[in-house]
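Hi,

Here is the structure I promised to hand over. Please open it alongside these notes.

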Amino acid sequence: MKRPTPSWLSSAIFYELYPQSFLDTNGDGIGDLPGVIQKLDYIKSLGCNAVWLNPCFVSPMGDAGYDVADFYHVDPRYGTDADLVALFAAAHARGMKVCLDLVAGHTSTAHPWFQASAKAKRNKYSDWYIWTSSAWERPAPPLPAPAIPGTPATIVQAMASAPLQLVRGYGERDGGYVANYFYFQPALNYGFAHPDPDRPWQLPVSHPGPQAVRREMKKIIRHFLDLGCDGFRVDMAFSLVKGDTDFRETMLLWREMRAFFDRHYPECALISEWSDPEKAITAGFHMDFLIHLGHPGYTSLFRAEPHRNRSPAADRTAASYFDRRGTGDIRPFLDHYLAQLASTRGLGHISVPTGNHDIIRLAHGRTRDEQKVAMAFFYTLPGIPYLYNGDEIGMDYARGLVSVEGAYTRTGSRTPMQWDSSANAGFSTAPKEKLYLPVTSKQKPDTVAGQDGDPASLLNFLRALAALRQSTPALQADGDFTPVYAKAKTYPFAYLRSLDGDTLLVALNPSGKSIAVTLDLPAFTAAQPLLPTAVTIARTRNRVRLKMPAVSSGLFRLVHVAAPTP
Ligand code: NOJ
Ligand code: CA
């Protein structure tokens, strides 16, 4: 039986919005919810009909709000709980959706649950976090590595099989606690997949403590969905049950959550940070991001070079496919993507986002034209596009900033939105030193106002792409995806998107060389360009020649495609 799915998801285009650097309306230097409401019409003008809002809950902001101290209330720096409800209503009035960020795996050490859990005297919260039974216990030895012979473990797999991060000496309780990410983010206790009998503090998933945490998460979800929220992006969704190297128990947990959504909130979306769509969607998520944490995804396409992704584990010889040097390879991504697509078809969606708050911005090291080719790719893939705020004007990654709120190398992707040429690029009226992060130091920064009236701007290119996607079901989440030119270490990359007799050809040449190739396409009478392009398609009797200038993209409707002979 087909599971219910939110009806709006297949035509969704999301805007990832980082609230603290979006728009400050009260002059304190920090973006806020009234600022988001004020810009909803702008977001809608981009063709985005859904927003993923990064965490806006009460937090000491050690990890920019991913260290929650109260899940039920908006942090005062963003406004009030009423502002959040007003945002839901304002979005709905415009036919838009708002999804929140659910940090299900951990809290801040400042959370009252953790404070109670750290007490020596047993109480309701003693088992809500994972504490060893003695302060002297050393970190557990590593678990066996996941066995996929010949395949390097993904970051997610490595995290699931790494030794637990134990923080010792925190308070009066005799024990160390397990941290999920930074030391001040203690893991909530969802239990252990295979509790070690020699370590009785490793509780089974079915234990009342972990079960109470699960119930509380549902309560939080219910609270916001009842207020009008349209779904959640779940932070580190893969991380909940510990010692779960094959993710079996974690997947069962999300299945239970999905059943809860299906029963009570069938129009609300569950979105995962997992980077393994097959697992995440089988676990019940409606959508998963294919990003830097998983198998060939975002990194292999955009940040493969070691100097670009800064990962010590990077392959020293790797090259991004979307790079004008033209030495990349589409196959590692594509082979993985096609397999994932096949196994999730009809069950959920895959998203390759334009970027996010954790990775170096797309624009960094790329010209405007290169960004346009990348955008043509993001907006014509099946699944759901996600535009990270600022990428629509090609905001650059700012190098050399001192870390703010635990951002470290991520700081440069979180600088304030550049609206116009007024003070602080229109982000805030606060004095410079009070801004959340410095606005760009570029002499002539890209701004929304500067690109708004320019038909050749990236901003307007994205508007055109979004309008095309919104008016063309074949381009949306469920249309078929068929590569027609995708050779190893070769350019261009071309594919068909089709649905109900409508067929579109997408051709991408991210390389700095002009190319001409022969394509094997189904018979058609005309190829209509849907966006202005210098790419040409010429037909001789039974051959199709595709000519592409350096760094170019073309999007065509193939008219009168012959039905395949049965
Ligand atoms: C993933 C989030 O995207 C990132 O910003 C955060 O620091 C970690 N999860 C920890 O919550
Ligand atoms: Ca503010």
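The ligand site comes first. A polar side-chain atom of His 357 sits 2.8 Å from an oxygen atom of ligand 1. That is a polar contact, meaning a pair of N or O atoms within 3.5 Å; within protein, one atom must be able to donate a hydrogen and the other to accept it, and residues adjacent in sequence count only if both atoms are side-chain atoms. Asp 63 also brings a polar side-chain atom to 2.6 Å from an oxygen atom of the ligand. For Arg 410, a side-chain N or O atom is 3.0 Å from a ligand oxygen. Taken alone, ligand 1 exposes 300 Å², and the protein buries 98% of that. Accessible areas come from the Shrake-Rupley method with a 1.4 Å probe; for residues, only the protein chains shown count as cover.

This is a predicted model: local features need pLDDT of at least 70, side-chain atom pairs count only at pLDDT 80 or more, and totals for chains, interfaces and linings use all residues. Residues are numbered from 1 along each chain as its sequence is written, chains are lettered from A and ligands numbered from 1 in the order in which they are written, and side-chain values use heavy atoms, with hydrogens and water left out.

Back to the shell. The residues around ligand 1 (a heavy atom within 4 Å) include Tyr 66, His 106, Tyr 181, Arg 233, Asp 235, Met 236 and Glu 273. By class, the shell has seven charged, three nonpolar and two polar residues. Here Asp, Glu, Lys and Arg count as charged; Ala, Val, Leu, Ile, Met, Phe, Trp, Tyr, Cys and Pro as nonpolar; the others, Gly among them, as polar.

Next, strand β2, residues 50-53. Strands (E, at least two residues) and helices (H or I, at least four) are DSSP runs, numbered from the N terminus. Both faces of β2 are covered. Ala 50 and Trp 52 are buried on one side, Val 51 and Leu 53 on the other. Buried means under 20% relative accessible area, exposed over 50%, and partly exposed in between (1.4 Å probe, protein chains only). Strand β1 (residues 14-17) runs parallel to β2, joined by four bridges. Two strands pair if DSSP finds at least two bridges between them. Leu 17 stands opposite Leu 53. β2 also pairs with β5 (residues 97-102), again parallel, over three bridges. There, Trp 52 has Cys 99 as its bridge partner.

β16 (residues 515-519) runs antiparallel to β19, with five bridges; Leu 519 is partnered with Val 544. β18 (residues 536-539) is antiparallel to β19 as well, with four bridges, and Ala 538 partners Arg 545. A hairpin of four residues joins β18 to β19.

Leu 290 lies between β10 (287-289) and α9 (298-302). Leu 290 is buried, at 0% relative accessibility. Its contacts (heavy atoms within 4.5 Å), leaving out residues up to four places away in sequence, include Phe 333, Tyr 337 and Ile 350. Thr 472 lies in the loop between α14 (458-471) and β13 (480-485). Thr 472 is buried too, at 3%. Beyond four places in sequence, Thr 472 is in contact with Asp 502, Leu 504 and Arg 557.

Best wishes
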